[in-house]
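Hi,

Here is the structure I promised to send over. Have a look at it first, and my notes follow below.

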Amino acid sequence: MTCFADDIQRDLLDREAFTFRHQLMGHPALSLANLGRVIPALPSSQVFYSSGKLDRGDDFDRAHVDHTNGLSVEETIETIRTSNSYIMVRSPEADESFQPLFRELVGDVEALIRDRRAGEKAHQAMLYLFIASPNSITPFHIDRYSTILMQFQGSKEVAVFPQWDDRVVPSDVREGFVAHAGVRPVWRPEAEGLGTTFRFAPGDALHIPFVAGHHVRNGPDDVSISMSIIFNTDETQSQTRAMVLNQKLRQGLHLRPHPVGTAPWRDAVKSGVWRTSARVAHALGRQG
C-alpha cells in the first residue's frame with residue numbers, strides 16, 4: 001500500500017472501528033502553506049466553518065449556520081489557534097495539488113475492499129479536510145458512507161459507537177436518515193458507555209464503519225489537522241438500498257420491517273427488491 005501501513009485490519013472493514021498507521025506525514029498537499037492557498041480559493045459551497053464551542057447534541061450539519069464564529073474564512077484560518085473555530089472542507093481534491101494524493105488513497109481503499117471481499121470499487125469516494133482549534137468538539141452524527149480518518153497535526157479523541165445498536169440510534173431513525181427522509185439522529189447521553197474512545201496523534205488513522213455514530217474532541221495542546229476519505233462499497237450500497245426500502249415500507253404502508261443489519265440474507269433480498277423496483281419505475285418513466 002502507498003498510504004496505509006501494513007498494520008491495518010482488513011477483515012474489520014465496516015464491521016468494527018479500529019486504528020492503524022498512515023504513511024502521509026509531511027505530504028506537501030497538507031502543508032500549512034498549501035492549505036492557506038487552497039481553502040480560500042475553493043468555492044464557498046465546499047468550505048464550512050463555525051465556532052468550535054459545540055456540544056455533542058448540536059446539529060452537526062447546521063453548525064456553520066447556527067453557530068457562526070463571526071469571521072471570514074481567511075480570518076478563521078489566520079486565528080485558528082485562538083478563535084475556537086472549526087473548518088471543514090469538502091472535496092479538496094478539486095484542487096490539483098490534492099489530486100495525486102486522492103488517487104493514491106482510492107487505490108489503497110480499493111485494495112482493502114477487495115481483501116474484505118466487499119466489492120471491487122470505492123463508490124462515491126471523496127476527501128474531507130478538517131482544521132480545528134484546540135478543544136473543539138464535533139457533535140455526534142452518523143454518515144451515509146464508510147470513513148478512514150487520518151491525523152496530521154494535534155491530537156483528538158473519537159468515540160465510535162456500534163453501527164446497528166438501536167440504543168445508540170433507533171433503526172427507524174438510522175434508516176430514515178440514510179434514505180434522506182428528513183430524519184436526523186440525536187445524541188443520547190445514556191448511550192455514552194456503549195462507545196469505544198480512540199485517542200490518536202499525528203500518523204494515526206481510524207476506520208469508522210458505515211453508519212456508525214461518533215463524536216470528536218480535539219486535544220488541548222495544538223491546532224488539529226486531519227483528513228478523511230469517505231466511500232461506499234458494493235456491500236454498503238446494498239445495505240443502503242435495503243434501508244431505503246425499509247423507510248418506504250414504514251412511511252407508505254405503515255409496516256414494521258426487520259431492521260437492516262440484523263440478517264445479511266434478508267438485507268440482500270430487500271436490496272434486490274428495491275433495485276428492481278427502481279429500475280421498473282425508471283423504465284416506466286421513460287416510456288411515459
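By a nonpolar core I mean a set of buried Ala, Val, Leu, Ile, Met, Phe, Trp, Tyr and Cys residues joined through side-chain atoms within 4.5 Å, where buried is under 20% relative accessible area with a 1.4 Å probe, protein chains only. Keep in mind that this is a predicted model: local features need pLDDT of at least 70, side-chain atom pairs count only at pLDDT 80 or more, and totals for chains, interfaces and linings use all residues. Residues are numbered from 1 along each chain as its sequence is written, and side-chain values use heavy atoms, with hydrogens and water left out.

Now the cores. The largest one has 41 residues, and Phe4, Phe98, Leu105, Ile148, Met150 and Met227 have the most contacts inside it. Helix 4 (99-115) and strand 11 (224-232) are among the elements that give it two or more residues; helix 4 supplies the largest share, seven. Helices here are DSSP runs of H or I, at least four residues, and strands are runs of E, at least two, numbered from the N terminus.

What does Met227 touch beyond its neighbours within four places in sequence? Its contacts (heavy atoms within 4.5 Å) include Leu30, Phe98, Leu105, Phe130, Ile148 and Phe152. A separate core of 18 residues includes Phe48, Ala132, Leu206 and Ile230.

As for the whole chain, there are seven helices and 11 strands, and 52% of the 288 residues count as buried. Of the contacts between residues at least 6 apart in sequence, 81% join residues at least 24 apart. The C-alpha trace spans about 55 × 45 × 40 Å along its principal axes.

Cheers

Note on methods: Buried < 20%, exposed > 50% of the residue type's maximum accessible area, 1.4 Å probe, protein only.
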